[in-house]
Amino acid sequence: MFLELEELLCKHIQLRLYDNWTLDQLDSILSRLTESIILSIDIILPYNKELEKDDYNSLHMFVEMHKRVSYMVLYNAPYTGMVRSSGTDMGYWSFPKKLDR
């Protein structure tokens, strides 16, 4: 899946997801990068209402587990917020609030 990027010596990538997603799906994608040369991953995806059922500790643990995730943005969230991972400058996630027009 990421072989072409490695052949181009990409060290930093950005994943953009536009559909519904789960942490298990993200984990499956990022697990393929375990032995790669990619150093950092930015993830931009829509806010998922199902996350409320899991609670935000799951997302925090996900970022802690995948140290290459430099940030995650969950856009169209019902509120604005940001949480940093512990012990590193990398690994934070933010919730930019959906603008009412």
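## Asn-48 and its neighbour

The side chain of Asn-48 reaches the backbone oxygen of Trp-21 at 2.3 Å, a polar contact (a pair of N or O atoms within 3.5 Å, where within protein one must be able to donate a hydrogen and the other to accept it, and residues adjacent in sequence count only if both atoms are side-chain atoms). You can find Asn-48 in the loop between β2 (40–46) and α3 (50–54); helices (H or I, at least four residues) and strands (E, at least two) are DSSP runs, numbered from the N terminus. Asn-48 counts as buried because its relative accessible area is 11%, and buried means under 20% (1.4 Å probe, protein chains only).

This is a predicted model, in which local features need pLDDT of at least 70 and side-chain atom pairs count only at pLDDT 80 or more, while totals for chains, interfaces and linings use all residues. Residues are numbered from 1 along each chain as its sequence is written, and side-chain values use heavy atoms, leaving out hydrogens and water.

## Val-69 in strand β3

Val-69 belongs to strand β3 (residues 69–75) and is buried, because its relative accessibility is 1%. Val-69 and Ser-40 are 29 residues apart in sequence, yet their C-alpha atoms are 5.7 Å apart in space.

Methods: Buried < 20%, exposed > 50% of the residue type's maximum accessible area, 1.4 Å probe, protein only.
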